[in-house]
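Please look over the chain shown here.

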Amino acid sequence: MITWHPSVSPIERKPKAGKKILAAPPLILCGSFLLFITLSTLALKLPWSTTQPITWLESLFTVTSAVTVTGLVVVDTGTAYTPLGQIIIALLIQLGGLGIMTFAIVTLIALGGKIGFLQRTVAKEAFNQTDASTIMATAKSVFLFALIVESLGMLILFIRWAETLGWQTSLFHSFFYTISAFNNAGFALSSDSLMPYVDDPTVNLTITALFITGGLGFTVWMDLWQKRCWRQLSTYSKMMLSGTVIINGVALLAIYCIEYHNPNTLAPLSEGGKWLAAWFQAVTPRTAGFNTLAIDQLEDATTALILVLMFIGGGSLSTASGIKVVTFMVLVMATYGFLERNQDIHVFQRRIATDTIRKALAMGLISIGVTWLAIFLLLLTENAPMLDVVFEAVSALGTVGLSRGLTGELSDAGEVIIIFLMFMGRLGPLTVAYCLASPHAKRVRHPEARLAIG
């Protein structure tokens, strides 16, 4: 008998061998990612993928970082891997960013196949959609949208780099960096990321445009394309757009003011360079992972701000991770509503559903709990300053990829902890929690209890 979780419309089939199998869509999704990571680890460990011997754990770490579009690396991508290995990493980033289910569905459609109930349900979980009937259209739109945006970004970067790098190197660099940026991965072909282009307008604006576009979320772009009017946009799109503008704007001004006189960051730059560098550092923590300034040279106040930005992340159904912008906004509004003694929480003339608030609360609490546990374990396994450990853990769970230099010095145990965080951060804490626990609906309602809180 195949038993589905009650929240996913229970379906029972007659057993073939008298066994009961739990087949929840989140479990299938996690399993597919694990299988894909395992096979990719074997491919990246092949001799023609690397220029130097790497351990199985280093291969697993790199693959997990690529598939989860994180960008943390224990060996330098530009020197430790051959062009073939770098292409494999780029393809893993693309597959991980757009989602394995996107490619699976598009491929099946291209071959003339049909999407069954199980595939629709799993894809709905992967896309974070509420209507499984729109999954095929969503998959097609995601694939086409990514192709157009990445082609445009690749063309701009190719033109910019062709003069200095030559057309062959420029073509490969534009290919790799476009995929890495659009999918919010943060993988770079040099150990100093994009620091040589700290005041280059073309590189800065193109790269940030790519990862903001990917991190905003495909549902928002589809909504904008179909409605093309602010008043007709969905409540989610309005929240995502307004939240992104506010968060990015506040972060830009804060970093510019804090780092203005820092001799290791903004101080040596021209006025235009200061704004470009502040802008890049303000938006890259939204899980992009690139940097044009030395992260370990930032002021502590800036580091604290970046920790918050990494924890928030980007949008749902996007290449970004984190608890998501709308989740953060819902938590803030719910808290404010409680302080105002409001029974309902309203935004853009719509009432936020109670289930949405509960899900946001669960997402936030699980993320905080997992982050704290990881920090605790890393402090036991690593001989590093606490700030570096906290930064590494938050960056891994948010699949950001920024680091203060701890990644390359991690112990084997530390690498395993970071691998788990990256995996959990990409799939989402709630999805992993659903896999670990199978809650059942309560059939008995007990009397209400009033508890003292605070």
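Predicted model: local features only at pLDDT ≥ 70, side-chain atom pairs only at ≥ 80, totals over all residues.

Residues are numbered from 1 along each chain as its sequence is written, and side-chain values use heavy atoms, with hydrogens and water left out. The chain has 18 helices and 4 strands; these are DSSP runs numbered from the N terminus, with helices being H or I of at least four residues and strands E of at least two.

**Whole chain**

- Of the 454 residues, 50% count as buried; buried means under 20% relative accessible area, exposed over 50%, and partly exposed in between (1.4 Å probe, protein chains only).
- Among contacts with a separation of 6 or more, 68% join residues 24 or more positions apart, where a contact means heavy atoms within 4.5 Å.
- The accessible surface of the chain is about 22400 Å², and carbon and sulfur atoms hold 65% of that surface. Accessible areas come from the Shrake-Rupley method with a 1.4 Å probe, and for residues only the protein chains shown count as cover.

**Nonpolar cores**

- The largest nonpolar core has 60 residues, and Phe61, Met310, Ile418 and Leu421 have the most contacts inside it. At least two residues of this core come from each of α2 (56-67), α11 (235-259), α12, α13, α14 (325-339), α15, α16 (386-397) and α17 (412-427). The helix that gives the most to this core is α11, with 8 residues.
- A second, separate core has 46 residues, including Val142, Ile207, Val283 and Leu427.
- A core of this kind is a set of buried Ala, Val, Leu, Ile, Met, Phe, Trp, Tyr and Cys residues joined through side-chain atoms within 4.5 Å.
- Leaving aside neighbours within four places in sequence, Leu421 is in contact with Val370, Ala374, Ala393, Ala396 and Leu397.

**Aromatic pairs**

- There are 13 aromatic pairs, counted for rings of Phe, Tyr and Trp (its six-membered ring) whose centres lie within 6.5 Å; planes under 30 degrees apart count as stacked, over 60 as edge-to-face and the rest as tilted.
- One of these pairs is Tyr177 with Phe290, which is tilted, at 6.1 Å centre to centre and 35° between the planes. Tyr177 lies in helix α8 (residues 167-182) and Phe290 in the loop between α12 and α13, so the pair ties together parts 113 residues apart in sequence.
- Tyr177 is buried at 3% relative accessibility, and Phe290 is buried at 0%.
- Tyr177 and Phe290 belong to one aromatic cluster with Trp161, Phe172, Phe175, Phe176 and Tyr197.

**Salt bridges**

- The structure holds 3 salt bridges, each being a side-chain nitrogen of Lys or Arg within 4 Å of a carboxyl oxygen of Asp or Glu.
- Arg160 and Asp200 meet at 2.5 Å, N to O. This pair links distant parts of the chain, with Arg160 in helix α7 and Asp200 in the loop between α8 and α9 (201-216), 40 residues apart. Arg160 is partly exposed at 23%, whereas Asp200 is buried at 12%.
- Asp223 and Lys227 meet at 3.0 Å, N to O. Because they are 4 residues apart in helix α10 (residues 218-227), about one helical turn separates Asp223 from Lys227. Asp223 is buried at 7%, whereas Lys227 is partly exposed at 30%.
- Asp388 and Arg404 have their closest N and O atoms 2.5 Å apart. This pair also links distant parts, with Asp388 in helix α16 and Arg404 in the loop between α16 and α17, 16 residues apart. Asp388 is buried at 14%, and Arg404 is buried at 16%.

**Single residues**

- Asn291 sits in the loop between α12 (271-283) and α13 (300-312) and is buried at 12% relative accessibility. Beyond neighbours within four places in sequence, the contacts of Asn291 are Asp192, Ser193, Leu194, Met195, Phe280, Gln281 and Leu402.
- Thr82 is in the loop between α3 (77-80) and α4 (83-98) and is buried, with a relative accessible area of 15%. Not counting residues up to four places away, Thr82 touches Trp48, Ser49, Thr50 and Thr51.
- Ala162 lies in helix α7 (residues 135-165) and is partly exposed at 26%.
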